[in-house]
Amino acid sequence: MSGEFSPNPNDPRVIRTRQLIQDAFFYHLNKKDFSAITVQDITQKATINRATFYAHFADKYELLESVLSYAFQEYVLKQIDAEAHLTEETLKQLVISLCNYHDSSNQCIKKYESVAPIFEENIKAQLEKLVLELAMSQTDGAEPPKTLAYLATMLSWSIYGVTYRWNLEERQESPAELAERVVPYMMNGTGLLN
């Protein structure tokens, strides 16, 4: 939370206010470019004052990051088994989930390409953390942590890049077809296939 006052995140009024802010933000994202959206636009649509907005978020970038993290959790993290290992099937599910994430974002954001660089940073960081956790759970400390970190970077950036290109090229194949085609190339040489 931002500002001097940190609202109790479990308070129903705080939950409702955050939802109003997010709904207002999505409304404007659907109407205009992210760079043109102001905090005043958001507060007017949410029918709150600026102080209330700043009690929840430092600025519109923090709001966007919060929304992105939530969407990533909904579209990606909830699709992967918490006990999963880094296998070809897990990577295929990550590709499919990230395609669904891009597709959903495209539908609710008017100028998706204007926020794509912000999305990219956020998604790659979260994806890298997830892939690293999957790899670490599988190797039981047999691989050096730095090697696993590089592997996580390589795979997460590859997954993001492939799904972003798929999105730019207007989704000419299904997410499952894309996953079937590209994941074997990603896994080749990682030494983690069962």
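## The largest pocket and its lining

In this predicted model, helix H4 gives the most to the lining of the largest pocket, with 8 residues; helices here are DSSP runs (H or I) of at least four residues, strands are runs (E) of at least two, and both are numbered from the N terminus. A pocket is defined on a 1 Å grid over the protein atoms alone, as an open set of points where a 1.4 Å probe fits, with protein on both sides within 12 Å along at least five of seven lines, and its lining residues have an atom within 4 Å of a point. The largest pocket is lined by 20 residues, and Phe26, Val67, Leu68, Tyr70 and Ala71 lie nearest its centre. Two or more residues of the lining come from each of helix H1 (12–31), helix H4 (60–75) and H5.

The volume of the largest pocket is about 360 Å³, a volume being the space filled by probe spheres set on grid points that are joined across faces, edges and corners. By residue class, the lining divides into 12 nonpolar, 5 polar and 3 charged residues, where Ala, Val, Leu, Ile, Met, Phe, Trp, Tyr, Cys and Pro count as nonpolar, Asp, Glu, Lys and Arg as charged, and the others, Gly among them, as polar.

## Overall make-up and confidence

The protein has 8 helices and 0 strands. Of its 194 residues, 43% count as buried, which means that they have under 20% relative accessible area, whereas exposed stands for over 50% and partly exposed for values in between (1.4 Å probe, protein chains only). Among the contacts with a separation of 6 or more, 69% are accounted for by residues 24 or more positions apart, a contact being heavy atoms within 4.5 Å.

The mean pLDDT, the predictor's confidence in each residue on a scale from 0 to 100, is 85 for the protein, and 88% of the residues reach 70 or more. Helix H2 (residues 39–46) has the highest mean among the elements (97), and helix H6 (residues 112–139) the lowest (81). Residues are numbered from 1 along each chain as its sequence is written, and side-chain values use heavy atoms, with hydrogens and water left out. Local features need pLDDT of at least 70 and side-chain atom pairs count only at pLDDT 80 or more, while totals for chains, interfaces and linings use all residues.

In H2, the buried residues are Val39, Asp41, Ile42, Thr43 and Ala46, and what covers them includes H1, helix H3 (50–56) and H4. H2 is followed by threonine 47, whose phi is positive, near 55°.

Leucine 63 has its place in H4 and counts as buried, at 0% relative accessibility. Leaving aside neighbours within four places in sequence, leucine 63 is in contact with Ile21, Gln22, Phe25, Ile42, Phe53 and Phe57. The C-alpha atoms of leucine 63 and glutamine 22 are separated by 7.7 Å, although the two residues are 41 residues apart along the chain.

Tyrosine 101 lies in helix H5 (residues 88–108) and is buried, with a relative accessible area of 0%.

Helix H6 holds isoleucine 118, which is partly exposed, with a relative accessible area of 29%. Its contacts, again leaving aside neighbours within four places in sequence, are with Phe34, Tyr61, Leu64 and Leu68. Glutamine 126 also lies in H6, and beyond its neighbours within four places in sequence it is in contact with Leu68, Ser69 and Phe72. A polar contact of 2.4 Å joins the side chains of glutamine 126 and asparagine 122; the term stands for a pair of N or O atoms within 3.5 Å, of which, within protein, one must be able to donate a hydrogen and the other to accept it, and residues adjacent in sequence count only if both atoms are side-chain atoms.

## The loop between H7 and H8

Most residues other than glycine have a negative phi. Glutamate 170, in the loop between helix H7 (145–168) and helix H8 (175–187), has a positive phi near 60° and is exposed, with a relative accessible area of 64%. Arginine 171 lies in the loop between H7 and H8; its phi is positive, about 50°, and arginine 171 is partly exposed, with a relative accessible area of 31%.
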